[in-house]
Amino acid sequence: MEKKKLVLIGNGMAGIRTIEEILKLLPDQFDITVFGKEPYPNYNRIQLSKVLQGDTEIKDITLNEWQWYEDNGILLYPGETVTKIDKDNQMLYTDKGKETPYDHLIIATGSNPFMLPLPGADKEGVTAFRDIEDCEKMIDASKNYKRAAVIGGGLLGLEAARGLLNLGMEVDVIHLADYLMERQLDRAAGELLQKELASQGMNFYLEKQTAEITGKKRVTGLKFKDGGAIPADLVVMAVGIKPNVALAQESGVEVNKGIVVNDHMETNVPNIYAVGECAEHDQMVYGLVAPLYEQGQALAKHISGMNHQGYQGSVLSTQLKVSGVDVFSTGLINETAETKSIKVFDEWQNTYKKILVQDDKLTGAVLFGDTKEGTKLLSLIKKGANVEEYLESQQGADNGESIVTSMSDDEIICGCNGVSKGAIVNSIKADGLSSVEEVKGATNASRSCGTCKNLVSELLTDTLGDEYEADTKESVCACTDLTRDEVVAEIKEKGLTHTKEVMNVLEWKTEEGCSKCKPALNYYLGMVYPKEHEDERESRFVNERLHANIQKDGTYSVVPRMYGGVTNASDLRTIADVAEKYEVGMIKLTGGQRIDLLGVKKEDLPDVWKDLGMPSGYAYGKSVRTVKTCVGAEFCRFGTQDSTGMGIQLEKKFEGLNTPHKVKMGVSACPRNCAEGGVKDVGVVGLDGVWEVYVGGNGGTELRQAELLVKVKSEEEVLEYTAAFLQYYRENASYLERTSHYVERVGVEHVQEIVNDDQLRKELNERMDQALGTYKEPWNEVLESETTLKDLYEKVATK
Amino acid sequence: MEQTVRKVRIGNYDDLPVSLGKAVVVEDKEIAVFRLSNGNIKAIENKCPHRGGVLSEGMVSGEHVFCPLHDWKINVSDGLVQAPDDGCVQTYKTTIEDNQVYVEVPEK
């Protein structure tokens with residue numbers, strides 16, 4: 001039997017999802033052809049705002065790679081537009097002169113951005129925010145222009161505005177209504193949102209209607225109806241979308257707002273269907289992903305000849321994808337005479353929740369600040385749940401029970417892809433899944449917007465229990481199955497003293513370990529037995545063995561200690577002389593306020609150190625590195641505390657301390673935080689009469705803001721709490737785990753509990769003092785040891 | 001044609017640090033000599049095939065050295081780079097006579 005010809009017009013999320021569903025139900029039944037206007041494979045349009053915001057890249061939002069089309073025998077014509085449908089002869093015509101017959105035709109042409117017909121709307125620098133091209137246009141504009149105006153304070157407009165801020169532009173948002181996102185939020189939430197976004201740097205013009213886009217060739221500004229005007233060199237129109245129905249209409253398919261379809265997504269023309277944003281079902285046109293996917297499923301079942309009830313309309317929910325702002329909205333949100341509401345406004349945490357109830361049933365919800373409950377509320381509202389059911393589930397949540405535990409099997413976890421709790425749990429059990437990634441691959445859950453990832457993770461815990469924990473446990477390295485905690489426990493219990501002994505006794509799979517476990521074990525041994533453990537130079541990475549930083553050409557860099565980043569004329573002179581004498585390749589200031597001498601030959605290192613006569617700056621180690629300071633009260637007119645003095649004390653106390661990973665600190669004398677303590681492992685901020693100690697910040701690979709550990713009054717207390725924190729980190733973190741990961745993993749509250757306990761803090765300080773007591777200045781130690789000089793720094797020349 | 005080799009003395013066996021490498025300059029090339037924990041002496045070209053890292057400064061585990069630049073793992077006996085990377089370095093035969101260590105290099 002010849003295969004039926006199935007043609008899809010529109011290579012986007014809704015259409016391709018329909019094809020995926022059909023392939024699942026009836027593989028190999030159809031000859032599938034796809035026409036797509038854009039020259040890309042199917043990508044996740046929802047994530048475009050994240051691309052614009054710089055959180056991800058275009059290549060990462062592709063949903064179906066070219067390979068997928070090939071693997072499934074789909075003929076794809078990217079960049080080709082269908083211009084005419086001959087419904088009587090079931091033929092298609094394209095702009096490239098192609099003629100294609102069809103047995104089934106799916107129209108999934110999506111929608112077009114609605115462009116206000118303003119005078120000047122055709123000027124250069126006016127764009128919509130709909131596809132990759134628009135996105136690239138904005139990114140390009142941001143390189144040459146400064147001022148952006150976004151017309152429309154709805155979901156799309158705000159996401160675009162946030163993206164433009166990230167691109168370094170000044171952003172004005174012009175909105176017709178008197179508060180933001182008025183279709184999804186109530187006034188209270190809208191105003192909270194505005195406050196938050198204003199603090200991020202957005203500027204708002206509310207109740208303003210744009211009358212004209214001004215400028216010659218390129219836009220230079222906007223004029224408002226009330227006479228006002230603002231300058232702008234980029235205008236983004238984000239006032240809404242309209243279904244793309246032109247092709248259908250011209251071809252004689254019934255069109256109202258969208259292409260009119262029944263519950264089976266059939267149009268009035270036989271064998272022509274429509275799904276997605278271009279379709280109108282029961283007088284509703286949807287612009288969000290979840291309904292589109294539900295429509296796709298219904299159509300797939302229908303085309304595959306399966307009996308089913310069809311598409312029944314969708315309850316909508318939206319989530320704003322702007323970093324640092326959590327907003328969720330679903331169902332009916334406007335209060336009327338018949339509705340009652342549950343409202344919780346927490347001014348302290350800046351969270352707001354409103355749940356609307358009508359005839360004892362939940363009908364809608366708005367969440368601001370904390371949107372964890374969103375998925376749960378959406379599924380309750382979808383099934384028309386009674387308010388009692390919600391309140392009961394609340395109690396469970398208050399008892400620390402996971403929100404997924406109280407969900408029933410048919411409740412939806414992933415709203416975008418319509419994946420229920422039951423489906424995920426079944427898949428976890430049947431397919432033996434053990435990670436969020438695997439669940440994503442097998443069920444599609446969390447594949448689109450990604451906000452349900454933590455629910456999926458909780459379901460894994462809920463379903464697999466300890467097994468899931470076991471699967472996520474990480475062994476030290478491939479040489480052993482034991483975790484960091486297990487190894488440390490064994491070291492203590494069995495009194496192991498040497499890396500080789502640890503490997504033997506704990507039955508390492510390799511004879512002498514590897515470059516991961518050797519330094520890790522050496523660190524753990526030193527941490528457990530600070531006095532007894534003899535540091536193993538052969539278990540140290542070259543930088544720590546040689547006390548200098550290896551460079552790509554095999555030379556080394558030398559960073560002398562400069563406590564708190566404070567130096568003096570005599571030291572500078574010495575450094576200059578040394579640099580000249582040894583002809584260093586480059587003299588560079590480091591990020592930690594130090595002077596770096598680069599390009600020193602290994603054989604010269606000892607002489608350089610000797611001539612410098614300064615302690616090692618430890619710029620190479622998994623250890624306390626530098627304490628960066630601001631000028632402080634001594635000179636700065638804003639300074640409230642002696643930040644340099646505090647920084648020097650901290651650095652003198654903790655210098656050379658071995659830690660699981662490098663530890664950087666900063667001390668500032670006022671909230672301006674010039675020493676950037678917000679992105680340091682330990683950041684200290686002096687206020688009038690108070691010191692704040694922040695921990696777990698990182699300015700590197702994964703940007704993380706430090707969290708407040710404690711506020712104290714005196715410098716002694718800063719030292720005491722910092723010591724307690726560092727010692728606790730030393731004793732509990734995995735080797736090569738930065739404080740940012742560690743604090744994120746255990747939670748700052750946990751660390752606070754520990755260091756605020758007087759007894760524990762005292763003990764941690766005692767153990768810290770023991771560790772610090774073993775410190776020997778390494779450069780000097782090398783200079784005093786003939787053997788070390790010979791073993792490590794001499795090169796053998798032969799004749 | 002048979003390749004003739006020259007034996008170059010590089011020093012006392014006891015002077016080589018255990019489980020570490022040592023850079024040895026022979027004519028115009030640099031050789032990394034390792035004294036393994038089992039007592040054997042191995043010699044390879046002192047240059048990682050990846051980005052030219054100084055292998056004599058790498059961490060030594062058993063028969064392998066880990067390049068200090070990007071952690072490539074190289075067998076010091078046969079010179080082969082271990083998976084997932086691949087490639088190889090030149091190896092040199094070593095001998096110990098009267099507590100003196102010799103490396104055999106091709107005669108020019």
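This is a predicted model: local features need pLDDT of at least 70, side-chain atom pairs count only at pLDDT 80 or more; totals for chains, interfaces and linings use all residues.
Residues are numbered from 1 along each chain as its sequence is written, and chains are lettered from A and ligands numbered from 1 in the order in which they are written. Over chain B the pLDDT averages 91, and 96% of the residues score at least 70. For the complex, the predictor gives an ipTM of 0.92 and a pTM of 0.53.

Chain B contains ten strands and zero helices. Of the 108 residues in chain B, 39% are buried, a residue being buried if 20 or more other C-beta atoms lie within 10 Å of its own, exposed if 12 or fewer, and partly exposed in between, with C-beta atoms placed from the backbone. Two residues are in contact if their C-beta atoms, placed from the backbone, lie within 7 Å; among contacts in chain B between residues at least 6 apart in sequence, 43% join residues at least 24 apart.

The contact between the chains takes 24 residues from chain B and 18 residues from chain A. On the side of chain A that touches chain B, six residues are nonpolar, five polar and seven charged; Ala, Val, Leu, Ile, Met, Phe, Trp, Tyr, Cys and Pro count as nonpolar, Asp, Glu, Lys and Arg as charged, and the others, Gly among them, as polar. Strand 38 (residues 796–797) of chain A runs parallel to strand 2 (residues 20–26) of chain B, and two bridges join them; strands pair if DSSP finds at least two bridges between them. In this pairing, A:Val796 stands opposite B:Val24.

Within chain A, five strands form an open antiparallel sheet in the order 22-23-26-25-24. Its edge strands, each pairing on one side only, are strand 22 (317–319) and strand 24 (339–346) of chain A. Strand 22 of chain A is joined to strand 23 (residues 327–331) of chain A by three bridges, and A:Ser317 stands opposite A:Thr330. A further open sheet of chain A comprises three strands in the order 18-20-21, with mixed pairing. Strand 18 of chain A pairs in the parallel sense with strand 20 (residues 279–281) of chain A over three bridges, where A:Val260 stands opposite A:Glu280.

A:Thr644, in helix 21 (residues 643–654) of chain A, counts as buried because 25 C-beta neighbours lie inside 10 Å. A:Thr644 and A:Val631 are 13 residues apart in sequence and 6.4 Å apart in space, C-alpha to C-alpha. Beyond residues up to four places away in sequence, A:Thr644 touches A:Gly564, A:Val566, A:Thr629, A:Gly632 and A:Glu634.

A:Cys674 lies in the loop between strand 34 (663–668) and strand 35 (682–687) of chain A. With 19 other C-beta atoms within 10 Å, A:Cys674 is partly exposed. Leaving aside neighbours within four places in sequence, A:Cys674 is in contact with A:Cys630 and A:Ser668.

Key:
Helices (H or I, at least four residues) and strands (E, at least two) are DSSP runs, numbered from the N terminus. pLDDT is the predictor's confidence in each residue, from 0 to 100.
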